Amino acid sequence: MTDFLLLALLAGLGVALVSGPLGAFVVWRRMAYFGDTLAHAALLGVAAGLWLAIAPGLAVTLVCMLMALGLLALQRQHSLATDTLLGILSHSSLALGLIAMYLIPGARMDLEALLFGDLLAVTQGETLGIWITAVVVLALLHRLWTPLLAITVHEDLARVEGVKVGWVKTALMLTLALVIASAMKVVGVLLITALLVIPAATARRFATGPGQMAMLGSLAGMTAVCLGIAASWWWDTPMGPSIVLGAGLLFVLSLAWPRRHS
Amino acid sequence: MSTLLDVRNLCLSLGGRSILDNVSFTLPAGQILTLIGPNGAGKTSLIRVILGLQRPDSGSVASPRPLRIGYMPQKLHIDATLPLTVGGFLALADRDRGRCRDALARVEIPRLLDQPVSALSGGETQRVLLARALLRKPELLVLDEPVQGVDVNGQEALYRLITRIRAETGCAILMVSHDLHLVMAATDQVICLNRHVCCHGTPEAVSASAAYTELFGARTALYTHHHDHEHGLHGDVARCADHRHD
């Protein structure tokens with residue numbers, strides 16, 4: 001196995017590992033659309049990075065986090081339904097990102113790589129970044145596990161029991177932004193949410209508790225990464241979509257599994 | 001008797017509509033106070049203000065010391081994608097499995113610890129919510145429509161349970177109910193709320209008052225015979241539990 005393939009595998013596994021527990025919260029809290037919006041904002045981050053001549057990784061992370069904070073603020077207003085607002089923001093930022101990239105002189109961006117990922121081009125530094133993000137995010141989710149679960153089950157009840165709901169939500173949103181920024185290289189901005197949602201949904205079939213679902217989600221995601229990279233190696237298919245398709249395949253297979261009573 | 005909760009001149013409007021208008025009352029330690037009133041009367045809003053979930057426009061909620069409050073919300077909706085057992089649900093309030101088991105025993109559903117929350121009946125769900133409130137060792141229990149989604153016999157059993165919990169723990173209870181006659185035996189004071197306090201007193205005094213009759217009309221007379229029925233309620237609960245384990 002060649003080095004670049006090993007790096008691709010490592011980077012993919014790092015993202016899949018953290019997408020288990022985070023994806024579980026995305027599914028439980030119905031945040032898939034938030035994920036899409038943050039991912040589309042990542043494209044804007046790339047453009048901003050080029051424009052301001054700062055490192056693209058840093059620019060993407062910053063723009064995603066700013067977007068996350070903006071979304072949190074927007075959730076507090078009630079004049080427009082959240083999904084409508086997200087629809088507006090998500091696609092406006094995607095369009096703005098695309099246009100900005102087109103307008104930047106001399107920028108020759110591989111748009112396909114941004115939209116669908118370019119795992120084979122992942123560098124050592126980026127792989128390290130993915131794993132640092134994964135470890136930090138996993139540690140944070142572990143520490144906030146009970147309050148996060150409490151606000152997911154019943155927010156008011158959690159608040160009465162002393163959970164700092166605002167802080168916990170902010171932490172979750174920023175975590176999501178971090179992971180999406182770091183996962184961009186793996187599956188691209190259009191497919192990131194799939195990597196969060198599909199393994200978690202697959203895990204639901206087998207899990208009897210929330211912790212189990214998070215772990216099984218990681219396992220499903222990592223399996224999908226291996227499947228996708230293998231398929232891409234043998235059949236020369238694009239890697240990001242192959243990983244997502246692998247995750248989809250696992251989900252379909254899971255449907256055949258007899259459903260437990262839970 | 002010492003005052004546990006002193007609610008003074010609460011006013012609240014939401015979206016330009018007046019929800020609470022100058023609401024005042026006191027709750028002595030160890031007493032049960034029931035809020036009744038028609039839909040949209042501001043019962044849940046009043047509870048949310050008392051719990052600190054909603055800031056009032058004016059007025060105050062005071063207690064002599066910071067209170068440990070156990071809160072039982074009106075509904076529990078858990079997304080179907082979240083696998084959660086009763087034990088897992090209770091662990092969100094207290095990780096000690098032994099204490100969770102005790103709390104379930106106190107609400108008379110000792111065997112449901114490993115059941116998925118999604119498989120509970122209406123009455124079982126209410127008891128699980130009550131168990132979680134009890135885990136906080138509350139000085140004040142706030143129950144928002146505790147018998148919601150429970151059949152009439154189950155409602156009576158739940159009110160008896162609530163009365164017994166008060167007797168055992170000495171905690172004060174503030175609860176919302178839509179039916180004065182069902183709750184009559186289980187309450188010390190009743191407040192009839194329709195944005196403002198319509199009447200306030202013992203359940204007998206309130207049910208005899210003109211304000212109450214005006215608000216609820218004659219339909220309440222239909223319910224006066226509920227206390228004659230005594231079904232095997234404990235048996236019902238036990239039978240449900242058996243059913244799940246086979």
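In chain A, helix H1(A) meets helix H10(A) through A:Val15, A:Ala16, A:Ser19, A:Gly20, A:Leu22, A:Gly23, A:Ala24, A:Val26 and A:Val27 on the H1(A) side, and through A:Leu195, A:Leu196, A:Val197, A:Pro199, A:Ala200 and A:Ala201 on the H10(A) side; residues are in contact if their C-beta atoms, placed from the backbone, lie within 7 Å. By class, this contact has twelve nonpolar, three polar and no charged residues, where Ala, Val, Leu, Ile, Met, Phe, Trp, Tyr, Cys and Pro count as nonpolar, Asp, Glu, Lys and Arg as charged, and the others, Gly among them, as polar. The model is predicted: local features need pLDDT of at least 70 and side-chain atom pairs count only at pLDDT 80 or more, while totals for chains, interfaces and linings use all residues. Residues are numbered from 1 along each chain as its sequence is written, and chains are lettered from A and ligands numbered from 1 in the order in which they are written.

H1 (residues 3–28) and H10 (residues 192–204) of chain A pack at about 75 degrees, with axes 7 Å apart. Axes are lines fitted to C-alpha atoms, for helices over the stretch in contact, and angles run from 0 to 180 degrees between N-to-C directions. H1(A) is therefore roughly perpendicular to H10(A), a term for angles of 65 to 115 degrees. Helices (H or I, at least four residues) and strands (E, at least two) are DSSP runs, numbered from the N terminus.

Turning to chain B, three strands form an open antiparallel sheet in the order S2-S1-S4; strands pair if DSSP finds at least two bridges between them. Strands S2 (17–28) and S4 (58–62) of chain B stand at the edges with a single partner strand each, so one side of each has no neighbour in the sheet. On average, neighbouring strands are turned by 15 degrees against each other, direction ignored.

S1(B) and S2(B) pair over eight bridges, and form a hairpin with two residues between them. In that turn, B:Gly15 has a positive phi of about 60 degrees. Four bridges join S1 (residues 3–14) of chain B to S4(B). B:Asp6 has B:Thr26 as its bridge partner in S2(B) and stands opposite B:Ala62 in S4(B).

Finally, the two chains touch: 20 residues of chain A are in contact with 19 residues of chain B. On the chain A side, H1, H7 (145–153), H8 (155–160) and H11 (210–235) each give two or more residues, and H7(A) supplies the largest share, five residues. This side divides into ten nonpolar, six polar and four charged residues.

Note on methods. Parallel < 35°, antiparallel > 145°, perpendicular 65-115°, else oblique.
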